[in-house]
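Hi,

Here is the structure I promised to pass on. Have a look at it first, and then read on for what turned up.

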Amino acid sequence: MARRSSLFVMCLLGAALVSCAGNSSDQASNEIVIGEFGSLTGTTATFGISTRNGIDMAIEEVNKAGGLLGKQVRVIVEDDQGKPEEAQTVVTKLITSDQVIAILGEVASSRTLAAAPVAQQSMIPMISPSSTNPRVTEVGDYIFRICFIDPFQGLVMAKFATNTLKVKNVAILRDIKNDYSVGLADVFADNMKQMGGAIVADESYSEGDTDFSAQLTSIKARNPQAIFIPGYYTEVGLIARQARRLGMAMPLLGGDGWDSPRLTDIGGEALNDTYFSNHYSVDDPSPAIQNFVSQYKAKYGETPDALAALGFDSANILFDAIRRANSAEPVKVRDAIAQTKDYPGVTGKITLDANRNAVKPAVVLRVRDSKLEYVETITP
Amino acid sequence: METFLQQVINGISQGSAYALIALGYTMVYGVLRLINFAHGDVYMFGAFMGYYLANIPWIKSGVGTSAAGAVFVMLGAMVLSAGLGILIERFAYRPGRGPTRFTLAFWLGLLGAGGGQMAGQTFTSVVLGAFAGIAAGVVLELLGIRPVRQESRLALLIIAIGVSLFLENGGQQAFGADPKFFPQIIPTTSFKVGPLDLDSQRVIVLLVSLVLMVVLNIIVNYTKTGKAMRAVSFNLDAAKLMGINTDRIIAFTFALGSALAAAGGILVSLLYPRIDPLMGVMPGLKAFVAAVLGGIGNIPGAMIGGLIIGMAEVMAVGYGQSTYRDAIAFVILVLILLLRPAGIMGKGMIEKV
């Protein structure tokens, strides 16, 4: 028995030695390896693809300029297929087998929330470019985001509905299985009521549904002046079509989950007179934005959506932190990210608050004839 | 009341979509006593063929503007899917009707390879999965199927599931996993009937499914080929002895079923213009429930079953919780199996499946 347990200890020691050796060889290499996970396939595929494009652009820029701390930056990208359980698996793989020093991702709050505990436990800093659900950064002190959060986004759309559209009776159609959608719907409802409005109907659907006529018919019976649909672009396009088909001409409102080049492919003319809050507008004349837009267009042949811009910013904030920390050790990088202040990103000046959230203004965009138009900026 | 009537219309249009898929399901079962689980995936294949045909440059200009464009896309996709149906029959089901071990091993091998790919996405896991599948197939054949060799329906059922997974994963490779927007090959015009909102596409889907139901009934019951189909269904060996080319009749049945699935794929994609390689899974299952509800093998029964399922779903969402949408069809399945296993229009004959 004694011999067996000593054998066990030996094995453990051996394993520890091997893994230490693995670590030190990585440290000595002339690369800084970061991880990225996103939905490169699935119903939210453009989220992952746009973000990856933005991150790739940032990495190309930094490597062209000589890299970080004299080393080249390499990113390992994993596809989570838009599934929370898959997100957790790939992040575990990035940390344990690829030994990345930091992680960028995800767009969807459900997926970020599934993966964040893994990063937190392993003490690897993780920056979400665009998950807006407040619970995301509450997971722990290694989880950051560089976008605004849903309480603010919900306030923006409630303000917009009340002050700009001058509507009072609003219906909600939420994706019941989606943290982002449910959270945003709740915040919007609270703010509407505080501003003297009323929620006349609150219906739900699940991601992947194709028929929404039953919910829309129920909503129509309550005669709302507008419908708030805090969902993702694929379903939103179908919902808009079916609503117009049922003779519902009122404005439709939404959040940044609408932002995708595919939104207008699916929704077409049905999306006229719809509005959503977003992180930036390509029409913004500021040189930082116009520079980014023209470079992105040259590289990928399409207009960057907000997720591409946030992906770009998230990578640059990580690089900035590594530079300031003068180290690629996860703990030091974490501390440097937490001190990010007034970083001039494409999506605005980024300062991280004590809760590791970014404080930034939001823009409201209008869809007209398959084009996005800037309507107004609403500040915190 | 107005809202209720509108919900009824929503239910009919959702139901006619299920009915379209259920027609093909029930016909193949009626002839072969085989539940073709790949039917929902052929439906997906048909929708994708329609998508690619409608995007051919010289046809694109005619799509959405002329009736000829819509007819071309529809018939083209039906012909291509009928071809797929014949291929599936020739390479998967026909060997399955003969010696079963190798076929079963082959398809379970493919299935395992697919599983390996989904789990590990590396070459080794695919190979490991394939070998595990082949081993499972040989063992399953020795223990489970050899004793009931003459009743090799179980093998066919497993093959059908293998074909279904093959088409789903193959579709993700071939067409890409992200959803695509299905072009509007027939322009929509909305109109009002009293206080109710209707549109051309919903009416077309309902009418086409009714027409296909009648045509299918005529083919099966009043033509020579139909007579041969019924003979094959009644007794395969006796039909062979009477000089019927049973292989050809079975291939024809599959071609017809697949063409129907393709028609369904395109018409449903007109209503819900988002297509992806897994779009056939849920509607396929629900259409299966619809076919069982109507009495599997019974063509008008499939129509009625589809309409009931569609209506039940819309009412569950409209007056209850949207999360029950998918559950309701399967509750109906359990109820019908308990209360009237032969289905609404079924003959109620006792049969071992």
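How many aromatic pairs does a search of the whole structure find over all chains? The answer is 19. Before you dig in, bear in mind that this is a predicted model.

B:Phe45 comes from helix α2 (residues 39–54) of chain B, while B:Phe175 comes from helix α7 (residues 153–175) of chain B, so the pair links parts 130 residues apart in sequence. B:Phe45 is buried at a relative accessible area of 16%, and B:Phe175 is buried at 13% relative accessibility. Both rings also belong to a cluster: ring pairs join B:Phe45, B:Phe48, B:Tyr51, B:Tyr52 and B:Phe175.

Over in chain A there is a charge on a ring to look at. A:Arg334 lies over the face of A:Tyr142, 5.7 Å from the ring centre.

Now for the interface. Chain B puts 30 residues into the contact and chain A puts in 32 residues. Between them the two chains bury about 2,500 Å², with 50% of that on carbon and sulfur atoms. Which three residues supply more of the area that chain B buries against chain A than any other three? They are B:Phe181, B:Tyr272 and B:Arg274, which supply 26% of it.

B:Arg274 turns up again in the polar part of the story. There are 4 salt bridges between chain B and chain A, and B:Arg274 forms a salt bridge with A:Glu235, with the closest N and O atoms 3.2 Å apart. The count of residue pairs in polar contact between the two chains, both at pLDDT 80 or more, is 14. As for the elements of chain B that give two or more residues to the side touching chain A, they include α1, β2 (190–193), α8 (200–222) and α13 (299–319). The largest share of that side, 5 residues, comes from α1(B).

One last stop is A:Ser128, which is in strand β4 (residues 126–128) of chain A. At 1% relative accessibility, A:Ser128 counts as buried. What is A:Ser128 in contact with, leaving aside its neighbours within four places in sequence? The residues are A:Gly105, A:Glu106, A:Thr112, A:Phe144, A:Arg145 and A:Ile146. The side chain of A:Ser128 also reaches the backbone nitrogen of A:Ser131 at 2.9 Å.

Cheers

Note on methods: Residues are numbered from 1 along each chain as its sequence is written. Chains are lettered from A and ligands numbered from 1 in the order in which they are written. This is a predicted model: local features need pLDDT of at least 70, side-chain atom pairs count only at pLDDT 80 or more; totals for chains, interfaces and linings use all residues. Side-chain values use heavy atoms; hydrogens and water are left out. Rings of Phe, Tyr and Trp (its six-membered ring) pair if their centres lie within 6.5 Å; planes under 30 degrees apart count as stacked, over 60 as edge-to-face and the rest as tilted. Helices (H or I, at least four residues) and strands (E, at least two) are DSSP runs, numbered from the N terminus. Buried means under 20% relative accessible area, exposed over 50%, partly exposed in between (1.4 Å probe, protein chains only). A charge sits over a ring if NZ of Lys or CZ of Arg is within 6 Å of the ring centre and within 35 degrees of the ring normal. Contact means heavy atoms within 4.5 Å. Buried area is the accessible area (1.4 Å probe) that two parts lose on being put together, summed over both. A salt bridge is a side-chain nitrogen of Lys or Arg within 4 Å of a carboxyl oxygen of Asp or Glu. A polar contact is a pair of N or O atoms within 3.5 Å; within protein, one must be able to donate a hydrogen and the other to accept it, and residues adjacent in sequence count only if both atoms are side-chain atoms.
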